[in-house]
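Hi everyone, thanks for coming.

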Amino acid sequence: QVQLVESGGGLVQAGGSLRLSCAASGLTFSSYAMGWFRQAPGKEREFVAAISWGGARTFYADSVKGRFTISRDNRESTVYLQMNSLKPEDTDVYYCAAYPSRVTIPTTASEYDYWGQGTQVTVSS
């Protein structure tokens, strides 16, 4: 069974950094584009970043561009989100998602096939 397990969330002061990890199992990891999304209670799930199957192509939401970096390690079936210069508005539950393509990298949450349970990121001012 496919599982995506996020970790690395926590409480950090504004300007600080966190690195989120998402460990995948039950799938051929290198056949999937991977994405990070975030969601606050009562809000729609928001695209944060995505990466192609081999890591050559990346996409970022304007709100995080220049601050966040997505990467992946296919040997370890893990995707990462390095978050620097964190702001209070980055506070959300962050979700890892997988999409089975080596050519397409969706930025819409509904297009992704598999999701983790999320990890809470809280940025204090």
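**Salt bridges around one arginine**

Let's start with Arg-38 and Asp-92, whose side chains form a salt bridge at 3.9 Å, N to O. By salt bridge I mean a side-chain nitrogen of Lys or Arg within 4 Å of a carboxyl oxygen of Asp or Glu. Arg-38 sits in strand S4 (residues 33–39) and Asp-92 in strand S9 (residues 92–99), so this pair ties together parts 54 residues apart in sequence. Strands here are DSSP runs of E, at least two residues, numbered from the N terminus.

A word on the background: this is a predicted model, where local features need pLDDT of at least 70 and side-chain atom pairs count only at pLDDT 80 or more, while totals for chains, interfaces and linings use all residues. Residues are numbered from 1 along each chain as its sequence is written, and side-chain values use heavy atoms, leaving out hydrogens and water.

Now, are Arg-38 and Asp-92 buried or exposed? Both are buried, meaning under 20% relative accessible area; exposed is over 50%, and partly exposed lies in between (1.4 Å probe, protein chains only). Arg-38 has a relative accessibility of 4%.

Arg-38 also meets Glu-46 in a salt bridge, at 3.1 Å, N to O. Glu-46 is partly exposed, at 32%.

Next come Asp-62 and Lys-65, with a salt bridge at 3.2 Å, N to O. Asp-62 and Lys-65 are both exposed. Shared partners, meanwhile, link Arg-38, Glu-46, Arg-67, Asp-90 and Asp-92 into one salt-bridge network.

And how many salt bridges does the structure hold? Five.

Methods:
Helix = DSSP H or I, 4+ residues; strand = E, 2+ residues; numbered from the N terminus.
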